[in-house]
Every structure is written in structure tokens, then in C-alpha cells.
Amino acid sequence: MGDPSPELGLFRVLDEEGRVVGPPPELAPERLLRLHRAMVLQRVLDERMLTLQREGRVSFYGACTGEEAACLASAAAAEPDDWIFPALRQSGAMLLRGFDLVTWLCQVFGNAGDALKGRQMPSHMSGREVNQVSWSSCIGSQLPQAVGAALAMKLRGDRRVALAYIGDGGTASADFHAAMNFAGVLEPPVVILCQNNHWAISTPTAAESGSATIAVKARAYGLPGARVDGNDALAVYAATRTAVERARDGGGPSFLELETYRIGAHSTSDDPRVYRDEAEVEVWRRRDPLARLGAYLRGRGLLDDAAAAALRVELEALVHRAVAEAEALPAPARETLLEDVYARPPWQLADQRRWLDPEPPGPARARESAGEGGRQAL
């Protein structure tokens, strides 16, 4: 459609009504339904988390509303052994990969059930068991990390691939340039995905870059690039799967621009009404990726209105139960503050641990401070 160049055109499988306009990827019905379920779960979770934040029960949240296809269909195209280096809105990929929902929610609460022990701010989830790395709010820093990890995969010959995500605003960062240049020169098995939701907090895409598209930037670095309809789950899956398998087979890196839209605020710290025209938002609401995939599934006889309504009720109940379980857990134990830094704690941490421990120091504690690893005479 449009310009035949993949960096300037727009790759689609479904039109905005969910009708097939291009060759669909080979996905079994159960995998299509699993992807649809994951997208609905993400929408339900986002709605619930925003409510909890407004009630003061969680401190911060970054929703994925309107971007579910870009986040989840791309992750679905990877294999379980592949690694994901996310940005703000890809944490739902962990659930798609089998991460426990209650533990995921505990990270939002930052409590004792959090696998990260309350050390990251909400919406910075990660899980080693599903090969998803935590990201930093220093925009773009995950990209060089992903490219470096992918180079290690190449050197080890383990046929894994790294998926690295960034927003449109992040493409203006120095780390984006470093990662793209590194990828183009060393050709590691990495797929870099720009989730272009048209707003870098309050800065529109047109004020971020003078390029005709973001995808066209790949040409300068020697990478194949493509611009994809990010609200078309089948197009996102097909383009990402092609890039992933190319990388796995030794063909090198790729860059994909997934054009989508941030329906809500950048985060719960933001009010987009002060800088964005609501008429623009309404245009994109009619391009809802959930509605588009749902229409396609209905057309194939895999979904109907009753099943869709039942799925929504089921997932709302699931989230309600999981929130209740997660919220009931206490704060992380104080002593965990001093864990996971040193294999053999130095004397400073031993002293600090005594201050955290409500029990009075005894002979054993005195020996700990003076013995191996204890304070040295000055």
C-alpha cells in the first residue's frame, strides 16, 4: 500500500475493519486465540491499574492502551529462549510468556512478592525465567545492551535472538545511534522495534525527527527496515517473525517501525489534555487493535460476541483475584535492602544490617563484625 519501499510504505495484513488485505501469517487457531486473550488481559490490567493509582494504592503506572498489538504480537513472534529488552509498555510480554500474574502485580506494589524485591519503580518489570530484562527510564539505554547481548549470542552460536524496543522519542537519543551503528557493523541477531505511538510524552513525532518515517533511518546504518501497521496484530507478528528468523539464521539485524497510537496518558504522571487534541485521539480509537483482531477472528468463526463477553468477564475476575492476593502481601523485609550486591558482605554492610535488625547485638554479632570480612584496623 502506498510507497512500495518497506521503509516508507505501510505493511498491513488487516485493514481497519479487520478484513484481510494481505497474506496472513501461518498461525494455528489456538495461537491466534492465545494472542487475543493476552491483548484483552493487557487492556483489563491497564484499566485496573489506572484505577488503583487514582485511589492511591499504587504509585505509578504506564498503560499500554491502544498499543497491545505492537507490544504483544511482536513478542509472540519470538521463541521462549529469545530475550526481550523492553521499554515502558512491553511488560505484558512476560505474561504472554507464562510469568505469574500475582508476581507481576507485586512488582507494581513493590512488596514482598516482587521478584525484584521492591527495587524498581512500577512498570519496570522483568523476569529471568521468561528472559525479559528490566529497563531503565534513561531512555534508550536498553538498545546497546540488547545489541551487546545479541553479539554474545552470535559468538556462542546458540541461535537465540534479542528483541529490543524503543519509543519514537527514544530514536533521538545517542543510545539509539550507538545501537544501530553497532548492529549494522557487527551484525548480531537482534531485532530493534520502534513503537511509534506518535507522542514522546508531550512531543509529537513531527517535532522529533525530520525523516519521512522512522523506519527509513535504518538505511543509514546498513540495516533492512520496514514500517508496519502497529495496530494490525497479524502484520506485526508476520514482520517480526520474518526479522526474528532472519536473525536466527545468520542474516543479521533488522529495524521495524510499528506505527500505533498512545490512547491514554504517557503515564499516571501525565495529563495529555493539555497538549493533545482529543479529536486526534478519537480517530485512533476507531483503529483499536483489539477490535481489529476481534473482527478477523469473528470472520474466521473463532470468536463471537458471547465468547468475547465471557472472556472479558473471566479476565476481569482473574485480575480482581490477583490484585487482592498481591495487595495483601507485606513490604519487602528490611534486610533484603542489603542483599544481592556482594558475595561476601564487607564490614560496612554488616554494620548497617545490625541497625536494620530489631534484635540487640550479641556475641555472635560482635564476632561477625571483627572476623573475616569484618572491619579492618585503620
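**Cavity**

I looked up which residues line the largest cavity, and found Phe99, Thr103, Trp104, Gln107, Asp114, Ala115, Leu116, Met125 and Ser126. A cavity here is a set of points, on a 1 Å grid over the protein atoms alone, where a 1.4 Å probe fits but cannot get out, and lining residues have an atom within 4 Å of a point. I noted about 40 Å³ of space in the largest cavity, where a volume is the space filled by probe spheres set on the points, with points joined across faces, edges and corners. The count is 1 cavity of 30 Å³ or more.

**Source of the values**

The model is predicted: local features need pLDDT of at least 70 and side-chain atom pairs count only at pLDDT 80 or more, while totals for chains, interfaces and linings use all residues. Residues are numbered from 1 along each chain as its sequence is written, and side-chain values use heavy atoms, with hydrogens and water left out.

**Cores**

Next I looked up the largest nonpolar core, which has 71 residues. Such a core is a set of buried Ala, Val, Leu, Ile, Met, Phe, Trp, Tyr and Cys residues joined through side-chain atoms within 4.5 Å; buried means under 20% relative accessible area, exposed over 50%, and partly exposed in between, with a 1.4 Å probe and protein chains only. Met39, Leu45, Trp104, Leu105, Leu163, Leu234 and Leu256 touch the most other members. Helix H1 (residues 29-54) gives the largest share, 10 residues. Helices (H or I, at least four residues) and strands (E, at least two) are DSSP runs, numbered from the N terminus. Another core, of 22 residues, lies apart from the largest one and includes Val147, Ala179, Ile214 and Ala218.

I then followed Met39. Neighbours within four places in sequence aside, Met39 is in contact with Glu68, Ala69, Leu72, Ala233, Pro289, Leu290 and Leu293, contact meaning heavy atoms within 4.5 Å. Glu68, Ala69 and Leu72 are among the buried residues of H2. Helix H2 (residues 68-76) is mostly covered, with 9 of its 9 residues buried.

**Sheet**

I read the strand order of the open sheet of 5 strands as S1-S2-S3-S7-S6, with parallel pairing. Two strands pair if DSSP finds at least two bridges between them. At the edges are strand S1 (83-85) and strand S6 (225-229), each pairing on one side only. On average, neighbouring strands are turned by 20 degrees against each other, direction ignored.

How many residues of S7 are buried? I found 6 of the 6, so S7 is largely enclosed by the rest of the structure. Ser254, Leu256 and Leu258 point one way, and Phe255, Glu257 and Glu259 the other. S7 (residues 254-259) pairs with S3 (residues 190-196) over 6 bridges, and 5 bridges join S6 to S7. Leu256 stands opposite Leu193 and is also the bridge partner of Ala226. Val191 stands opposite Ser254.

Helix H8 (residues 233-248) lies across strand S2 (162-167), S3, S6 and S7, and runs at about 170 degrees to S7. Axes are lines fitted to C-alpha atoms, for helices over the stretch in contact, and angles run from 0 to 180 degrees between N-to-C directions.

**Pro224**

Last, I looked up Pro224, in the loop between helix H7 (218-221) and S6. Pro224 counts as partly exposed because its relative accessibility is 35%. Leaving aside neighbours within four places in sequence, I listed its contacts as Ala218, Arg246, Pro253, Ser254 and Phe255.

How values were computed. 1 Å grid on protein atoms, 1.4 Å probe; cavity = no way out; pocket = protein on both sides within 12 Å on 5 of 7 lines; lining within 4 Å.
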